[in-house]
Amino acid sequence: MSGQGQEDPRATECRTCQEFDLEEAVARSERDGSRETDCRVLRRRHIAAEHAQHAECGEPQP
Ligand SMILES: [Zn+2]
């Protein structure tokens, strides 16, 4: 198991998400915890900004 493609099914079609995913995987394989967290935070921010319309479990919109 390489741990790929089992995160957010709704984000798999987004290239930016994939890139964050990949970088996070790389950081994890290099045991770079801070970078891994960084990727996760950045991806979350990206999802909140770009996928807010599709996200159902996010914060309520104004
Ligand atoms: Zn995305």
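How do the axes of helix 1 and helix 2 cross, and within what distance do they come? They come within 8 Å and cross at roughly 165°. This is a predicted model, in which local features need pLDDT of at least 70, side-chain atom pairs count only at pLDDT 80 or more, and totals for chains, interfaces and linings use all residues. Residues are numbered from 1 along each chain as its sequence is written.

**Overall make-up**

- The chain has two helices and zero strands, where helices (H or I, at least four residues) and strands (E, at least two) are DSSP runs numbered from the N terminus.
- Of its 62 residues, 10% count as buried.
- Buried here means that 20 or more other C-beta atoms lie within 10 Å of a residue's own, exposed means 12 or fewer, and partly exposed is in between, with C-beta atoms placed from the backbone.

**How the helices pack**

- The crossing angle of roughly 165° is taken between N-to-C directions on a scale from 0 to 180 degrees, using axes that are lines fitted to C-alpha atoms over the stretch in contact.
- Helix 1 is therefore roughly antiparallel to helix 2; angles over 145 degrees count as roughly antiparallel, under 35 as roughly parallel, 65 to 115 as roughly perpendicular and the rest as oblique.
- The crossing of the two helices is left-handed, a term used if the near helix is turned anticlockwise from the far one by less than a right angle, with clockwise being right-handed.

**The contact between them**

- From helix 1, Thr16, Cys17, Phe20, Glu23, Glu24, Ala27 and Arg28 meet Arg35, Glu36, Cys39, Arg40, Leu42, Arg43, His46 and Ile47 of helix 2; two residues are in contact if their C-beta atoms, placed from the backbone, lie within 7 Å.
- By class, this contact has six nonpolar, two polar and seven charged residues.
- Ala, Val, Leu, Ile, Met, Phe, Trp, Tyr, Cys and Pro count as nonpolar, Asp, Glu, Lys and Arg as charged, and the others, Gly among them, as polar.

**Two buried residues**

- Phe20, found in helix 1, is buried because 23 other C-beta atoms lie within 10 Å.
- Leaving aside residues up to four places away in sequence, Phe20 touches Cys39, Leu42, Arg43 and His46.
- Phe20 and His46 are 26 residues apart in sequence, with 9.5 Å between their C-alpha atoms.
- Ile47 belongs to helix 2 and is buried, with 20 other C-beta atoms within 10 Å.
- Ile47 and Cys17 are 30 residues apart in sequence and 7.8 Å apart in space, C-alpha to C-alpha.

- Arg35 lies in helix 2 and counts as partly exposed, with 15 C-beta neighbours inside 10 Å.
- Asp38 lies in helix 2 and is partly exposed, with 15 other C-beta atoms within 10 Å.
- Asp38 and Glu24 are 14 residues apart in sequence and 8.3 Å apart in space, C-alpha to C-alpha.

**The connecting loop**

- Arg31 lies in the loop between helix 1 (15-29) and helix 2 (33-50).
- Arg31 is exposed, as 8 other C-beta atoms lie within 10 Å.
- Although not a glycine, Arg31 has a positive phi of about 60°.
- Most residues other than glycine have a negative phi.
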